[in-house]
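Please open the model in a viewer and keep the selection panel at hand.

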Amino acid sequence: MVKRSIFSVTLILFTVITCLLLFQAPVMAGKIKLNYANFPPAPTFPCVQMERWKVEVEKRTSGQIQINTFPGGTLLGAKGMMDGVIAGQADIGNICMAYQPGRFIVTNATSLPLGITDAKKGSLALLKLYEKYKPKAFKDVVVLAMFVNAPGNVMSKVPVRTLSDIKGLDLRASGGAAQILKAWGANPVGMPMPATVEALQKGTVKGLFSSLEVMKDFKFAENCKYVTMTETVFYPFSVIMNKAKWDSLPKDVQKVMMDLKEEQSLWTGTYMNEQIKKSVAWSKDVQNVEFITLSAAEKAKWDEKLGFITEKWIKGAKKKGLPAEDIINDIKAFAQ
Ligand code: 3IO
């Protein structure tokens, strides 16, 4: 009796395990793993959007795809991201185009002072700009999403109320944002966002110029007790994939990713807008940060200093044979 029941239990177990393996096998054999590199720490918005994309792709491909995410520069860093993805060191990567300003001339036009202040609208404008002009800078990769952060404001250890307060002030920024700081008379110090944490702590910079969600996400509000509202300039980002890896993917997987492109870009813009509100509230209520609004007369002086920047970009882009005015007009129209 005992022997027979042990036998039947073993048989049942054997059958169950065999069935499980048989059903599992095709799925496991088809599982494609992709590495996704990102340069800033996990709690920041480029990585939050990365985790959202991962979940959506895994769900929509019914487990055919497994995305392994690498936040915090653990696979590729800010400056090596584009070339690293082209070389296949990561399958997917998130780049901030401001860190290589000369490389992404068309898409970096979104960081000109064009008066767009909404991250969702800015993200859509950037994606549409890319789709219309298909800039050569992206010819070796496949674009999976494009988005911008929210407009830049000055976060600093000392109050900035007038142009004379910002004169000569060491503030961290990159690309188009650095040009704007320079036009206001500040001393822009270029470095990718993650390096700013140490620069602020050591005092090599007195503040930074970027979107306000970093006050909370990087805890900059602990160092920077003043914010001057300028609401000027985006940093454009793009999620890119290695081309050979893309070509190796099944068509239905490619379709899932392409169908997600605009949705993901808008999702990120919306997330950014919401995160700004939370960060501002936390900075005011918990960190006692003073938010400085420029008077209309003072703001006019700041704006006046930026007049030449777009003109200068147009001249430079024309020399390179680009339809510069069309690009500017398109960005403004796409952001409506
Ligand atoms: C940014 C980059 C990494 C993580 C969070 C961020 N919020 C805004 C930016 C834009 C940027 O790259 C910069 O340098 O200000």
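Begin by colouring residues 32-148 + 234-279 as domain 1 and residues 153-232 + 281-308 as domain 2 in this predicted model. Both domains contribute residues to the shell around the ligand, so the ligand lies between them.

Next, keep the two domains selected and display their C-alpha centres, which are 26 Å apart. Where the domains touch, 21 residues of domain 1 and 25 residues of domain 2 take part in the contact.

Now select the ligand together with its surroundings. How many residues surround the ligand? The shell comprises 17 residues, of which Tyr99, Arg172, Ser210, Glu213 and Tyr235 are the closest. Colouring this shell by class gives eleven nonpolar, four polar and two charged residues.

- Ser210: a polar side-chain atom is 2.8 Å from a ligand oxygen atom.
- Glu213: a polar side-chain atom is 2.7 Å from a nitrogen atom of the ligand.
- Tyr235: an N or O atom of the side chain is 3.4 Å from an oxygen atom of the ligand.

Is the ligand buried or exposed? Taken alone, the ligand exposes 350 Å², and the protein buries 100% of that area.

Finally, display the cavities of the protein. Which cavity holds the ligand? The ligand sits in the largest cavity.

Terms used:
Residues are numbered from 1 along each chain as its sequence is written. This is a predicted model: local features need pLDDT of at least 70, side-chain atom pairs count only at pLDDT 80 or more; totals for chains, interfaces and linings use all residues. Side-chain values use heavy atoms; hydrogens and water are left out. A residue is near a molecule or strand if one of its heavy atoms lies within 4 Å of it. A polar contact is a pair of N or O atoms within 3.5 Å; within protein, one must be able to donate a hydrogen and the other to accept it, and residues adjacent in sequence count only if both atoms are side-chain atoms. Accessible areas come from the Shrake-Rupley method with a 1.4 Å probe; for residues, only the protein chains shown count as cover. On a 1 Å grid over the protein atoms alone, a cavity is a set of points where a 1.4 Å probe fits but cannot get out, and a pocket is an open set with protein on both sides within 12 Å along at least five of seven lines; lining residues have an atom within 4 Å of a point. A molecule sits in a cavity or pocket if more than half of its atoms lie within 2 Å of its grid points. Ala, Val, Leu, Ile, Met, Phe, Trp, Tyr, Cys and Pro count as nonpolar, Asp, Glu, Lys and Arg as charged, and the others, Gly among them, as polar. Domain bounds come from an automatic or database domain assignment. Contact means heavy atoms within 4.5 Å.
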